[in-house]
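Please keep the viewer open and follow along.

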Amino acid sequence: MTLPDDSGIRPYTHPAGGWDALGAVARAIHGQMNAVSGTRIMLRNNQPDGFDCPGCAWPDPKHTSAFEFCENGAKAVTWEATRKRATPEVFQRHTVSELLSWNDHDIEDLGRLTHPMAYDASTDRYVQIGWDEAFARIASVLQALPSPDMAEFYTSGRASNEAAFLYQLFVRAYGTNNFPDCSNMCHEATSVGLPQSIGIGKGTVSLEDFDHADLIISMGHNPGTNHPRMMTTLHAASRRGAPIVVFNPLRERALERFAAPQDPIEMATFTSTDIASDYLQVKVGGDAAALKGVMKGVLAIDAEDLAAGGPGVLDRAFIAQHTQGFEALADDLHATAWADVERASGLSRESLEHVARLYCRAKSTIVAFGMGITQHRLGTDNVQQISNLLMLKGNYGRPGAGICPVRGHSNVQGNRTVGIDEKAPLALRQGIERVYGFTPPAQRGHDAGEAIEAIEAGRSKFLMCLGGNLAVAMADPQRTFAAVRRLEMAVHIATKPNRSHLLVGRQSIVLPCLGRTELDLQAGGVQSITVEDSMSMVHASTGRLPPPSDQLRSEPAIVAGIAKAVLQGRHGIDWDAMVADYGRIRDGIEGVLAGFDGYNARIRQPGGFRLPIGPAERVWHTPSGKAQFLVMPGLKEDPRTSGAQVLTLATLRSHDQYNTTIYGFDDRYRGIFGRRDVVFLNADDLAAQGLAAGDRVDLEAVPFKGEAPAPEGAVLRNLTAVAYDIPRGSAGAYYPEANVLVGLAHRDAQSGTPSYKSVPVRVRRAAGAGPGQ
Ligand SMILES: Nc1nc2c(c(=O)[nH]1)N[C@H]1C(S)=C(S)[C@@H](COP(=O)(O)OP(=O)(O)OC[C@H]3O[C@@H](n4cnc5c(=O)[nH]c(N)nc54)[C@H](O)[C@@H]3O)O[C@H]1N2
Ligand SMILES: Nc1nc2c(c(=O)[nH]1)N[C@H]1C(S)=C(S)[C@@H](COP(=O)(O)OP(=O)(O)OC[C@H]3O[C@@H](n4cnc5c(=O)[nH]c(N)nc54)[C@H](O)[C@@H]3O)O[C@H]1N2
Ligand SMILES: [Mo]
């Protein structure tokens, strides 16, 4: 059925990328900055002597000579380098209550924060304060807390290694491991699942490996929108004939076909390249089952080959020498019935056996994955089943083979490496003690979900956020918003205003910081920072733009200012010296952590250096010293979704957003224009409810058994139903709006990752809407 033109819902028929992507860059520049400076800054993006793109954590090709085009990067940079300013005068014009009624786009589009500000309850406004005043207020609250464990210190993944290291040093010197971070809502299932499997919670491949892979399996990610530079890699792989198998419930255009803006022929001829050789529309939440099916297929092919006198298709030498637990895995796979695999995955035995054949034929395989794998009740299981599959054929520690978790924020991996970790690993604590002479706390701190629960219960009274928009990113705004409003003090170090800043507690402070594109001048001269990408490459980044206000401070300078005020000379750390020259912070990192030898020298090499990755050398830092096959018994289906009419909803990013930052209202590749109030549903599911495309519907959360009934408001109202190519029983709607449907307790038990992508919901005609409305 075709909807009227003004509905903003019409199928997008072009390949992803191409001229439309170039046009989007031009519009992004036009909307936020002037064209000359916009173009100049884009040309410095991800260049050896430029700044690291804040867009995502996909690595740069080694010898970047030409500007690597990326729509996502262009939007991230122009959004930061905007000419708009959120000055104290702007905050004089609008009360906090008024700003709260605005949408997320309009709040951030006020522009760059220019001055430190504090909330004034008597006028319901943010008002300018001095830096020293801000630091003194923070110190007085932190010093008065009965226990340091009553404070939470959040990090979003844009902070540099230097800022994050200084921050964790301050927080541990203060006395807690309460380090909720965005990773807890993102790849935590990877960080928890992979160490048990291969001894490290990071990817094992390098960018060059993609040139040597005979098969790439892409699961649960949407690189055309979220990692456009990965499309260059997939495009090249497809061109050289490597099969690319996609597991994704939604048909995502970039994974179907892509026109590379770097490719003059495709651009000139309006042609494109097919990306996926096989597109498997797995049910939302069905990946562990699908992976078990593929592995069953592999074992069957192996048995056949052995029976025919062949050597089998498994890498038996690898399994014998490098792994444990194969027999238990094989027993479990044999005990798992095909009918159950088909039901839980929504995929046919035939299609899974086909993938098994491709996998057996390929010498080297890479599996890349994103949020469609991790943000589930079974997130950790999903990740571990991927690793099992790779181990069956020894796909670790060889060129062209390995696991590739595709990280989100540009330095989320680096933040964890340098100590943003509520689990406080022993080696880190020992390193801090060695270099800084104090004993950091050992007790595990709070992750993001636990931090909100502690704040809600009144066990935590203070929250500091090094970037991000925690309250909006977190599940269950009914509970989360109410919780953060109970805080004694909230402190936000940020580039732009957002809703979390407006959910004011008794005291709220916003501290404006430099962005990555901006010149960072300290006593020791112009400073560079460093970041670690998804493939463990550490490299330098130097901003060049003039800062939007002379009041801004760098993140390290702000953290150091707070540390000095709070610690009052305790621990004898020379914070000023480290801020004067970030090289000293890097010396500290090198002293505390393994793998950073010669840190300051090695970041001067173009492209930086790679941190050691054990599995890439077939070294396994697990308790047994071997890689572990890990069994997921049964298929762990969610009993709530077996009932009729309960759908599993995945919350999704649109093409025009960066997490909670809403750049605009189009989701071009999915055919949505000028709006976000839609839900993607299978046409048969709609029909089964007596609904049709274009109808207005409500989504209602279906709570856990035994959990309190869905709280008032756990309904997302008045969405327009879009008939989409998605499996029956699965649905999609945009994040963060759909977070009202995600219970705070709805998390992966092993990693604590919120189950943002398997939310049981019912769909019904919107209250008050007649048929056809
Ligand atoms: N432009 C832009 N870039 C970004 C971001 C952004 O918001 N905007 N965010 C950054 C961050 S922090 C992150 S973590 C990454 C996120 O990047 P992605 O990992 O790509 O995350 P999502 O867009 O949330 O969704 C991923 C995909 O998973 C699919 N999916 C949903 N449920 C399932 C499932 O059960 N199984 C499978 N196999 N697939 C499923 C969806 O259809 C979608 O295509 O991107 C980073 N880059
Ligand atoms: N339902 C649902 N919820 C989700 C997800 C989902 O898929 N579905 N995804 C989750 C994921 S993967 C993630 S990573 C989280 C994201 O959670 P966060 O990382 O907390 O959120 P962002 O939206 O990236 O944060 C945006 C804010 O960061 C600030 N900022 C931007 N640049 C800088 C900088 O350089 N320095 C500082 N100090 N501040 C800066 C700006 O003020 C901006 O408003 O959300 C999670 N929430
Ligand atoms: Mo993320």
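1. Let's begin with a polar contact: a polar atom of the side chain of Asp302 sits 3.2 Å from the backbone nitrogen of Leu314. Please note that this is a predicted model, and that applies to every point below. Asp302 belongs to helix α15, which covers residues 287–307.

2. Is Asp302 buried or exposed? Its relative accessible area is 4%, so Asp302 counts as buried, the cut-off being under 20%. Leaving aside residues up to four places away in sequence, Asp302 touches Gly312, Val313, Leu314 and Arg316. Val313 is eleven residues from Asp302 along the chain, and the C-alpha atoms of the two are separated by 5.0 Å.

3. Next, have a look at ligand 1. It is surrounded by 31 residues, and the closest are Glu252, Gly285, Asp287, Gln657 and Asn659. Asp287 has a polar side-chain atom 2.6 Å from a nitrogen atom of ligand 1. For Asn72, a polar side-chain atom lies 2.9 Å from a nitrogen atom of the ligand.

4. Now to the charged pairs. Side chains of opposite charge can pair when their charged atoms come close. How many salt bridges does the structure hold? There are 40 salt bridges in the structure. One network of salt bridges links Asp181, Glu188, Arg416, Glu422, Lys423, Arg444 and Glu450.

5. Arg444 and Glu450 form another salt bridge, with 2.9 Å from N to O. Here the surroundings are worth checking residue by residue. Arg444 has 41% relative accessibility and therefore counts as partly exposed. Glu450 is at 24%, so it counts as partly exposed.

6. A further pair to look up is Arg670 and Asp667, a salt bridge in which the closest N and O atoms are 2.9 Å apart. Arg670 and Asp667 are both buried.

7. Which strand does β20 pair with? Its partner is β21 (residues 537–541), in the antiparallel sense and over four bridges. Across the pairing, Ile529 has Ser541 of β21 as its bridge partner. The hairpin has four residues between the strands, and in it Ser536 takes a positive phi near 65 degrees.

8. With 13 residues at 1.5 Å a residue, α19 should span 18 Å, and its end C-alpha atoms are 18 Å apart, so the two agree. The expected span uses one less than the number of residues. An α-helix has 3.6 residues a turn, so residues three or four places apart point the same way. The buried residues of α19 include Leu352, Val355, Ala356, Leu358, Tyr359 and Cys360.

How values were computed: Residues numbered from 1 in each chain as written. Chains lettered and ligands numbered in written order. Predicted model: local features only at pLDDT ≥ 70, side-chain atom pairs only at ≥ 80, totals over all residues. Heavy atoms only, no water. Helix = DSSP H or I, 4+ residues; strand = E, 2+ residues; numbered from the N terminus. Buried < 20%, exposed > 50% of the residue type's maximum accessible area, 1.4 Å probe, protein only. Pairing = 2+ DSSP bridges. Salt bridge = Lys/Arg side-chain N within 4 Å of Asp/Glu carboxyl O. Contact = heavy atoms within 4.5 Å. Polar contact = N/O pair within 3.5 Å; in protein donor to acceptor, adjacent residues only side chain to side chain. Near = heavy atom within 4 Å.
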